[in-house]
Structure formats: C-alpha cells, structure tokens
Amino acid sequence: MGLQKDIKYTLEELLRPFELTFEYIKADYRPFFAYYGIELNSSKEWVEKSIVPYLEFLNKL
C-alpha cells in the first residue's frame, strides 16, 4: 500500500466538487465505486474478484 501513502487527498475529497455541482443543479449524485489495487494487478483472477463487490455496490444504489 505504499502507493496510497503518496496520495495527498482521498477520493471523497477529490470528488467533492462534483458532488457540490450535482447538488447545485439538483441532480441525483450517487456515490462512486473504487476497487483499490487493480492498477497493480489486472490479472484475470483479480478482475473476476472485483465483480462481486461491484455488483453489491450496484444493488445498493
């Protein structure tokens, strides 16, 4: 997780301007989905492992 240590802001902080814009125009802002580590390991197994959490995320929307 050394890569994450180098990042100064969280994704929530980076996406805050979008959330505020959606609020301003009265649009339906939805949370984002982030699957950490895929940029370091994009093997078939890792990608398949991401399917369940993503489907759970979509079902909660």
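1. Basis of the note. This is a predicted model, in which local features need pLDDT of at least 70 and side-chain atom pairs count only at pLDDT 80 or more, while totals for chains, interfaces and linings use all residues. Residues are numbered from 1 along each chain as its sequence is written, and side-chain values use heavy atoms, with hydrogens and water left out.

2. Confidence. The mean pLDDT (the predictor's confidence in each residue, from 0 to 100) of the chain is 86, and 90% of the residues reach 70 or more. Confidence is lowest in helix H1 (residues 2-5), with a mean of 52, and highest in helix H2 (residues 11-24), at 94.

3. Fold and dimensions. Three helices and zero strands are assigned, in the order α-α-α along the sequence. The radius of gyration is 15 Å, well over the 10 Å that the globule rule gives for 61 residues, so the chain is more spread out than a compact globule. That radius is taken over C-alpha atoms, and the rule is 2.2 Å times the number of residues to the power 0.38. Helices (H or I, at least four residues) and strands (E, at least two) are DSSP runs, numbered from the N terminus. The C-alpha trace spans about 40 × 30 × 15 Å along its principal axes.

4. Surface. Of the 61 residues, 7% count as buried; buried means under 20% relative accessible area, exposed over 50%, and partly exposed in between (1.4 Å probe, protein chains only). The accessible surface comes to about 5600 Å², of which carbon and sulfur atoms hold 61%. These areas come from the Shrake-Rupley method with a 1.4 Å probe.

5. Ser 50. This residue lies in helix H3 (residues 44-60) and is buried, at a relative accessible area of 15%. Leaving aside residues up to four places away in sequence, Ser 50 touches Phe 33 and Tyr 35, where contact means heavy atoms within 4.5 Å.

6. Pro 17. Helix H2 contains Pro 17, which is partly exposed at 46% relative accessible area. Pro 17 and Asp 28 are 11 residues apart in sequence and 14 Å apart in space, C-alpha to C-alpha.

7. Lys 26. In the loop between H2 and H3, Lys 26 has a positive phi of about 60° although it is not a glycine. Lys 26 is exposed, with a relative accessible area of 74%.
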